[in-house]
Amino acid sequence: VTHSIPACIGSMTLNSKQVDKESPVSIFAVNKCYETVQDGTFFDGSGFAALVREGYKVRSDVNITLEFRTTAVHGVLLGVSSAKVDAIGLEIVHGKVLFHVNNGAGRITATYEPRGTNSLCDGKWHKLQANKSKHRISLIIDGNLVHTDNPYMQSTSADTNNPIYVGGYPADVKQNCLTSKSSFRGCLRNLVLTKGQHTDLFDFSRAFDLRGVFPHSCPGAEH
């Protein structure tokens, strides 16, 4: 087994002596456990999770679903880019959800604007689905559909080859379809990317880089 256990461990004794967990010699990717905990991964607003080290290829079609819970009105949800302009991006900006796609000819954006600025940032779970089908893109938030016209109809493939960054991205990484640099603060769960018959359900504890992200540990209330 090469990955960590997603769990809480307490009251540990070694040779009948209580182990002091408050002052460890070293610590890495260990957070406190919460009294009330929900399914999900906690993002503390300082970092990101990086998935698919060898690069994720969006190409012509992808369907992204996830659930998020936050009280912040800004934050990166997900970005996949390339060394060129091709990219996709999902972000929360001023309480709106934006889905950006660039198939090489120019960026297009589907924007979901809730009635109230904070209605998506109310600390409750919200379901998101972002779909790219060739040159068409759409966004469904809590069952509400928005889509946008694409003037670049001949350009259909986002030729990405970089990792999937979730909740933020490193300062030295280029993201062509994100306008925000703010890392997400809150919880995410059930991140699934589907291409045709192939479905990837991503487990954040298997990410190759995690900063300020605590898999399988979502506090029941904002801390």
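# Questions about a predicted model

Reader: Let's begin with His100: is this residue buried or exposed?
Author: The relative accessible area of His100 is 3%. Buried means under 20%, exposed over 50%, and partly exposed in between, using a 1.4 Å probe and protein chains only. At 3%, His100 is therefore buried.

Reader: Good. Before we go on, what kind of model is this, and at what pLDDT do side-chain atom pairs count?
Author: Residues are numbered from 1 along each chain as its sequence is written, and side-chain values use heavy atoms, with hydrogens and water left out. This is a predicted model, where totals for chains, interfaces and linings use all residues, local features need pLDDT of at least 70, and side-chain atom pairs count only at pLDDT 80 or more.

Reader: How many bridges join E8 to E9?
Author: Strand E8 (residues 96-102) runs antiparallel to E9, and Asn102 has Arg107 as its bridge partner. Two strands pair if DSSP finds at least two bridges between them. The number joining E8 to E9 is 6.

Reader: Which residue in the turn of that hairpin has a positive phi?
Author: E8 and E9 form a hairpin with 4 residues between them. A phi of about 115 degrees occurs in the turn, and the residue that has it is Gly104.

Reader: Let's step back. How many strands does the protein have?
Author: Helices (H or I, at least four residues) and strands (E, at least two) are DSSP runs, numbered from the N terminus. The protein comes to 0 helices. Its count of strands is 17.

Reader: What is the radius of gyration of the protein?
Author: The C-alpha atoms fill a box of roughly 70 × 40 × 35 Å along the principal axes. The radius is taken over C-alpha atoms, and the globule rule is 2.2 Å times the number of residues to the power 0.38. For 223 residues, a compact globule would come near 17 Å, and the protein agrees with its value of 19 Å.

Reader: How much of the contact count comes from residues 24 or more positions apart?
Author: Buried residues make up 44% of the 223 in the protein. Among contacts with a separation of 6 or more, residues 24 or more positions apart account for 72%.

Reader: How far apart are the centres of the positive and negative side chains?
Author: Lys and Arg count as positive and Asp and Glu as negative, while His and the chain ends are not counted. Each charge is placed at NZ of Lys, CZ of Arg, CG of Asp or CD of Glu. With 23 positive and 20 negative side chains, the separation of the two centres is 3 Å.

Reader: Which residues does Lys84 touch?
Author: Lys84 is found in the loop between strand E6 (75-80) and strand E7 (87-93), and is exposed at 52%. Its C-alpha atom lies 8.3 Å from that of Asn176, 92 residues away along the chain. Not counting residues up to four places away in sequence, Lys84 touches Lys174 and Asn176.

Reader: What is the phi of Ser16?
Author: Most residues other than glycine have a negative phi. Ser16 lies in the loop between strand E1 (13-14) and strand E2 (17-18), and counts as exposed at 76% relative accessibility. Its phi is positive, near 65 degrees.

How values were computed
Contact means heavy atoms within 4.5 Å.
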